[in-house]
Amino acid sequence: MSNGLKRIYGKLVKEEQPVTVALCNSKNRVEWIPLLSCGQEDKNLGIVDSGFWGIKISSCLIILDSQSSYLYVLKLLEITMDQIESELKNLSSKYGLAERDYLEFPFVEIIRFALEMNKMIIG
């Protein structure tokens, strides 16, 4: 997924100023462009310069690059897929991205993670 998102990030930096933020549980810092809202926070979900989606939690960023990181975006499952797709399409239109670019969001991976967590809880 990251190659497509790196390309999208490259297009976005022409329109938006990247923000530098510390990674959670690390002294490393990354640049990212916040784009969407997840939960109560405003624009806390965006694309990291490394080509992944990331979510800002308090004052640090978690890169959505593994199953365990999807725990932080389970709140998105409370929103309909149509709403999320609509927001992503609007962003694609706003930044002049190809229509297929919005599909770079890890919908399937987040749903799969939620189902596996549910299976573990229920037993």
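**Surface, fold and nonpolar cores of the predicted chain**

The protein chain exposes about 7,500 Å², of which carbon and sulfur atoms supply 49%; accessible areas come from the Shrake-Rupley method with a 1.4 Å probe, and for residues only the protein chains shown count as cover. The structure is a predicted model, in which local features need pLDDT of at least 70 and side-chain atom pairs count only at pLDDT 80 or more, whereas totals for chains, interfaces and linings use all residues. Residues are numbered from 1 along each chain as its sequence is written, and side-chain values use heavy atoms, with hydrogens and water left out.

The secondary structure of the protein chain comprises three helices and five strands, where helices (H or I, at least four residues) and strands (E, at least two) are DSSP runs numbered from the N terminus. Read along the sequence, these elements follow the pattern α-β-β-β-β-β-α-α. The radius of gyration of the protein chain, taken over C-alpha atoms, is 14 Å, close to the 14 Å that the globule rule gives for 123 residues, so the chain is as compact as a globular protein of that length; the rule itself is 2.2 Å times the number of residues to the power 0.38. Along its principal axes, the C-alpha trace spans about 50 × 35 × 30 Å. Among contacts (heavy atoms within 4.5 Å) between residues at least 6 apart in sequence, 46% join residues at least 24 apart.

Of the 123 residues of the protein chain, 38% count as buried, that is, under 20% relative accessible area, with exposed meaning over 50% and partly exposed in between (1.4 Å probe, protein chains only). A nonpolar core is defined as a set of buried Ala, Val, Leu, Ile, Met, Phe, Trp, Tyr and Cys residues joined through side-chain atoms within 4.5 Å. In the largest such core, which has 28 residues, Leu 35, Leu 45, Trp 53 and Val 73 touch the most other members. At least two residues of this core are supplied by each of helix 1 (2-12), strand 2 (29-36), strand 3 (45-48), strand 4 (53-57), strand 5 (60-63), helix 2 (81-94) and helix 3 (107-122), and the largest share, four residues, comes from helix 1. A second, separate core of seven residues includes Leu 23, Trp 32, Val 48 and Ile 63. When residues up to four places away in sequence are not counted, the residues touched by Leu 45 include Trp 32, Leu 35, Trp 53, Val 73 and Phe 105.

Met 81 lies in helix 2 and is partly exposed, with a relative accessible area of 38%.

One salt bridge is counted, under the criterion of a side-chain nitrogen of Lys or Arg within 4 Å of a carboxyl oxygen of Asp or Glu. This salt bridge joins Glu 78 to Lys 75, with the closest N and O atoms 3.3 Å apart; Glu 78 is exposed at 61% relative accessibility, while Lys 75 is partly exposed at 39%.

Asn 25 is found in the loop between strand 1 (19-23) and strand 2 and is exposed, with a relative accessible area of 86%, whereas Ser 58 lies in the loop between strand 4 and strand 5 and counts as exposed at 70%.
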